[in-house]
Amino acid sequence: VAARDEFNRREPYFDNDEGVLREMREFARMTYDATDKRGFAAYVGDTIASICELYCDGVTAQIEDVATLQEYRGRGLASAVVLRALHEAQAWGHDTIFLVADDEDWPKQLYEKLGFDPVGRTYHFLLKPEKPAST
């Protein structure tokens, strides 16, 4: 929990709002209670420098929320946590193991190096409400 809090504090959306941090912590707790979720971490000394989560249902597994603290990037830590989660999912007998990556973001190349193949694309659309006419 402390490591996830630190990772969330460093995100640009956090904006130093402890209320947001509490909500994110509660969401993580509810997700953990409702699913078979496991966390993986890579340490540098006593610091959790990289993390990821693994969601499993016995048939399908998803690797999610891969993150490495800025000052520890480029050391292979994200690869290590993803490969460990992948190994565990395979050992537990999951038929399908996947993760989601942004097509325009660099982690996509990392995941391909780790053996993941692109299989499809999703699209997200946003319809912004019209601004009221000024009077």
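**View 1. Valine 82 and the residues it touches.** In this predicted model, valine 82 is in contact with Cys52, Ile63, Val66, Leu99, Tyr111, Leu114 and Phe116, leaving aside residues up to four places away in sequence. Take a moment to find each of these partners around the Val82 side chain.

**View 2. The largest nonpolar core.** Now let us step back to the core as a whole. It has 26 residues, and Leu54, Ile63, Val82 and Phe116 are the ones that touch the most other members. Two or more residues each come from strands E1 (36-44), E2 (47-56), E3 (60-68) and E4 (96-99), and likewise from H3 and helix H4 (107-113). Which element supplies the largest share of this core? That is H3, with 7 residues.

**View 3. Helices H1 and H2 where they cross.** The axes of H1 and helix H2 (residues 18-34) come within 11 Å, crossing at roughly 135°. Is their crossing left-handed or right-handed? The crossing of H1 and H2 is right-handed. On the H1 side, look for Asp5, Asn8 and Arg9; these meet Glu18, Leu21, Met24 and Arg25 of H2.

**View 4. Confidence along the chain.** The mean pLDDT of the chain is 89, and 98% of the residues score at least 70. Among the elements, the highest mean, 96, belongs to helix H3 (residues 77-91), whereas helix H1 (residues 2-9) has the lowest, 80.

Methods: Residues numbered from 1 in each chain as written. Heavy atoms only, no water. pLDDT = per-residue confidence, 0-100. Helix = DSSP H or I, 4+ residues; strand = E, 2+ residues; numbered from the N terminus. Core = buried A, V, L, I, M, F, W, Y, C linked by side-chain atoms within 4.5 Å. Buried < 20%, exposed > 50% of the residue type's maximum accessible area, 1.4 Å probe, protein only. Contact = heavy atoms within 4.5 Å. Axes fitted to C-alpha atoms, helices over the stretch in contact; angles between N-to-C directions. Left-handed = near helix turned anticlockwise from the far one by under 90°.
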